[in-house]
Amino acid sequence: MSFPIAAVTYFEPWWIQIIKALIIFLIIFGVLPMLTVYERKLLGRFQHRYGPNRVGPFGLLQPMAEIVKFALKEPFRPTTSMGFLFRAAPALSILTAVGGLALIPWGPVTNIFGTNVGLYGIDVSVGPLYVFALGGISFYGILLGGWASGSKYSFLGGMRAAAQLISYEVSQGLALVGVLITAQTLSLVGIVNAQRGMWYFIPQVVGFLIFMVASFAETNRAPFDLVEADAELVGGYFTEYGGTGFVAYLFAEYVNMIVVSGIATTIFLGGWLLPFGIHPPTWVDPFVVLAKMMIFMTLFIWIRATLPRLRYDQLMSFGWKILLPLATLNLLVTAIIVVH
Amino acid sequence: MPYEPGPDVIEVMRHPAKGPAMSTLRVFGETLRGMKTTLARVAEGPLTIQYPEEKTPVYPRFRGRHKLHKFEDTGLEKCVGCSLCAAACPSDCIRVVAAENTPDNRVSAGERYAAVYEINLSRCIFCGYCEVACPFDAITMGHDYELSDYTRSDLIFTKEMLLAEPLERTPLRTEGE
């Protein structure tokens, strides 16, 4: 079987790349505040509440009010903190989170006004590696923020983040390798094209589940949010942050959610492809991807409303004793099937 | 005779399942069960009462802000200024100063009337002893519970304020609610 592999070597002129970057950036920045409202409203419904519904129609302007509130807060830091790192750490978190956005494919290469434009930020030939590289750097943002705060709660949160992110990134990566050896490409656009016959969600269901569980841990979402564990660590690594620094971490968490949802959509849910041989015009493709990402967002929120936070030793033993062997087994079985 | 649990007794697994594989499977199943439970909450809809717009209905015997009463036919006040309410009040928040009724200035049905009747609602604990102590049912506990104000002195309610009908009526719970 041969699939049309994406033209990885094809790059648009520089000005198209800048326009694409701006468009992706602006759209995600438009979606992000809505996502926070969506999460809080849905979380409210899960708990017999309405959620925010006072600011603007249906409470949709709530993030605006909050951004103003956070922006007007006095920036102060503990005397024990390290000034430069304390300020640089949230920026590092945001930088790595936003970097992942470039990789999500929103559609195939399309002819727009006589120019071939790929509906994605960039289609690198090492797609998932790029994501994991950014993920590896992103934990510095959390660790440095926690350590530079000079507070015990922050320090504990940062330490937990380091251990948790490292141990779950292994399983997350191994869960993806099963797909990669089936698709035989590392380009994310190529992986989507390889799913024309069947989405990898079906043959790689174990890998999918492992990836999702590891993603919850990677994005520090409930039930793996011991990094910020408000009940025991006040706020974990961002205990000492207020105002813009706090927003930066919150922002990075949501962008990470978007990136992880995008990667899961691309790799397991067939990106912009639709089942049952439906072929909509190309301009629909980004909306298909967005809709699929919303499914994952809803799942993130749903799980947060359902599961209590794990104990730290449970988290570690689950990651190393169950998830990692399971991911390895999944990879082995896939490899044997692919080779034969 | 073996123990037979009734239909509403749920069997609870008290120990982890044997082995990592089985426990993972069980955790997965329990997670799905939990997700079903939370989704059912969405279907039930919110229970919130949107407070400033909607108000929580109170029970008929709810003890809110006090009311003083008049006779409906004659329009005379029921209070005769006996100060029994002030004596019964455990937080000492009622002040009554009595005066004699005269033929050309008849305020109450009895010999005397309350020239001053003040309740300091910032001290009141809404126990309802005043209502119990009153021999003429002149004072009763009403249903108002929105009693915030900007200064303490505004919370000292005078006789005129206690005699007046509340501006916004508090919804009352209907039978069987």
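Chain A has eleven helices and two strands; helices here are DSSP runs of H or I with at least four residues, strands are runs of E with at least two, and both are numbered from the N terminus. Chain B has four helices and five strands. This is a predicted model: local features need pLDDT of at least 70, side-chain atom pairs count only at pLDDT 80 or more, and totals for chains, interfaces and linings use all residues. Residues are numbered from 1 along each chain as its sequence is written, while chains are lettered from A and ligands numbered from 1 in the order in which they are written.

**Chain A: overall build**

- Along the sequence, the elements of chain A run α-α-α-β-β-α-α-α-α-α-α-α-α.
- The radius of gyration of chain A is 20 Å, close to the 20 Å that the globule rule gives for 340 residues, so chain A is as compact as a globular protein of that length. The radius is taken over C-alpha atoms, and the globule rule is 2.2 Å times the number of residues to the power 0.38.
- Along the principal axes, the C-alpha atoms of chain A fill a box of roughly 60 × 50 × 45 Å.
- Of the 340 residues in chain A, 43% count as buried. A residue is buried if 20 or more other C-beta atoms lie within 10 Å of its own, exposed if 12 or fewer, and partly exposed in between, with C-beta atoms placed from the backbone.
- Take the contacts in chain A between residues at least 6 apart in sequence: 78% of them join residues at least 24 apart. Two residues are in contact if their C-beta atoms, placed from the backbone, lie within 7 Å.

**Chain A: helix 4 against helix 5**

- Helix 4 (residues 127–148) of chain A packs on helix 5 (residues 152–183) of chain A at an angle of about 170°, with the axes 8 Å apart. Axes are lines fitted to C-alpha atoms, for helices over the stretch in contact, and angles run from 0 to 180 degrees between N-to-C directions.
- That angle makes helix 4 of chain A roughly antiparallel to helix 5 of chain A. The cut-offs are under 35 degrees for roughly parallel, over 145 for roughly antiparallel and 65 to 115 for roughly perpendicular, with the rest oblique.
- Helix 4 of chain A contributes residues including Phe132(A), Gly135(A), Gly136(A), Phe139(A) and Trp147(A). Among those from helix 5 of chain A are Gly157(A), Gly158(A), Ala161(A), Leu165(A) and Glu169(A).
- The residues of this helix 4 and helix 5 contact in chain A divide into twelve nonpolar, eight polar and one charged. Ala, Val, Leu, Ile, Met, Phe, Trp, Tyr, Cys and Pro count as nonpolar, Asp, Glu, Lys and Arg as charged, and the others, Gly among them, as polar.

- His48(A) sits in the loop between helix 1 (14–46) and helix 2 (62–71) of chain A. Its phi is near 60°, a positive value in a residue other than glycine. With 13 C-beta neighbours inside 10 Å, His48(A) counts as partly exposed.
- Phe58(A) is also in the loop between helix 1 and helix 2 of chain A. Phe58(A) has a positive phi of about 55° although it is not a glycine. It has 14 C-beta neighbours inside 10 Å and counts as partly exposed.
- Ala65(A) belongs to helix 2 of chain A. Ala65(A) has 14 C-beta neighbours inside 10 Å, so it counts as partly exposed. Val55(A) is ten residues from Ala65(A) in sequence and 7.6 Å from it in space, C-alpha to C-alpha.
- Gly207(A) lies in helix 7 (residues 205–218) of chain A. With 26 C-beta neighbours inside 10 Å, Gly207(A) counts as buried. Not counting residues up to four places away in sequence, Gly207(A) touches Ala175(A), Gly178(A), Val179(A) and Asn330(A).

**Chain B**

- From the N terminus, the order of elements in chain B is α-β-α-β-β-α-β-β-α.
- Chain B has a radius of gyration of 28 Å, well over the 16 Å that the globule rule gives for 177 residues, so it is more spread out than a compact globule.
- The C-alpha trace of chain B spans about 95 × 45 × 30 Å along its principal axes.
- Chain B is divided into domain 1 (11–47) and domain 2 (66–163), with bounds from an automatic or database domain assignment. The centres of the two domains of chain B, taken over C-alpha atoms, are 58 Å apart.
- Of the 177 residues of chain B, 12% count as buried.

**Between the chains**

- The contact takes 13 residues from chain A and twelve residues from chain B.
- On the chain B side, the residues that touch chain A divide into five nonpolar, five polar and two charged.
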